[in-house]
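Open the model in your viewer and get ready to select residues by number. Each stop says what to pick and what is there.

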Amino acid sequence: MRCSWLIFAVAAFCVACGAVAADPQGGMVLAKAGDTNRSTVITSEKLTFDYQKKYAVFEKDVRVVDGDMSLTADKLAIWFDDQDEINLIKAEGNVHITQQDKTANAGEAVYEVPTGKIVLTVNPRLQRGRHYLEGDKISYWRDKDLLVVEPQPRLVIYPDDEGGGGEMNLFGD
């Protein structure tokens, strides 16, 4: 059962701060103040929101939809800074991220919003078509198009004539 009433209560409170709005499908919508064109919808079976400690935790069957990107996980925690802006997002357990024809799987994903850094750990794997990249830790800086895999990176690339899916760029367009 979704905690629609709690999400509505949290959303109503956060709307006053300009950070969150209610979604008609029973989810929570995150959007920057004044940004009416782009929103992020998060749904789960349980939401715990602690305004004093500035964090929210979504648990069980977590689903995030943000434009052309979607994420599923067992748990998603969000920390806010002193200006009530999202500072850090951490997804745990069966993390699966999809964007167009690219996928990322990991046991844990951490997104540091101010730096644009995403870190995938616990058996992380990036895939596009049949091409894939693995390592113990995959770090990606969104604003810099910089990718670091350490230790023991493993990159498998298939020739186009063997159904490799074309371009190798795992993150970019």
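Buried means under 20% relative accessible area, exposed means over 50%, and partly exposed lies in between (1.4 Å probe, protein chains only). Strands (E, at least two residues) and helices (H or I, at least four) are DSSP runs, numbered from the N terminus. This is a predicted model: local features need pLDDT of at least 70, side-chain atom pairs count only at pLDDT 80 or more, and totals for chains, interfaces and linings use all residues. Residues are numbered from 1 along each chain as its sequence is written, and side-chain values use heavy atoms, with hydrogens and water left out.

**Stop one: strand β9**

Select residues 117-121. This is strand β9, and four of its five residues are buried.

Two strands pair if DSSP finds at least two bridges between them. Pick A109 and look across to β9: L120 stands opposite.

What links the two strands? β8 and β9 form a hairpin, with four residues between them. Click G116 in the turn: its phi is positive, about 75°.

Next, select residues 137-141, strand β12. β12 also runs antiparallel to β9, and five bridges join them.

**Stop two: salt bridges**

A salt bridge is a side-chain nitrogen of Lys or Arg within 4 Å of a carboxyl oxygen of Asp or Glu. How many salt bridges does a search of the whole structure find? It finds seven. Visit three of them, as follows.

Select D84 and K54. Their side chains meet in a salt bridge at 3.0 Å, N to O. D84 sits in the loop between β6 (69-80) and β7 (86-99), while K54 sits in the loop between β4 (46-50) and β5 (55-66), 30 residues apart. Are these two buried or exposed? Both D84 and K54 are buried.

Move to K75 and E92. This salt bridge spans 3.9 Å, N to O. K75 lies in strand β6 and E92 in strand β7, so the pair ties together parts 17 residues apart in sequence. K75 is partly exposed, at 31% relative accessible area. E92 is partly exposed too, at 24%.

Finish with E108 and K90. Their side chains meet in a salt bridge at 3.7 Å, N to O. E108 is in strand β8 and K90 in strand β7, 18 residues apart. E108 is partly exposed at 22%, and K90 is partly exposed at 23%.
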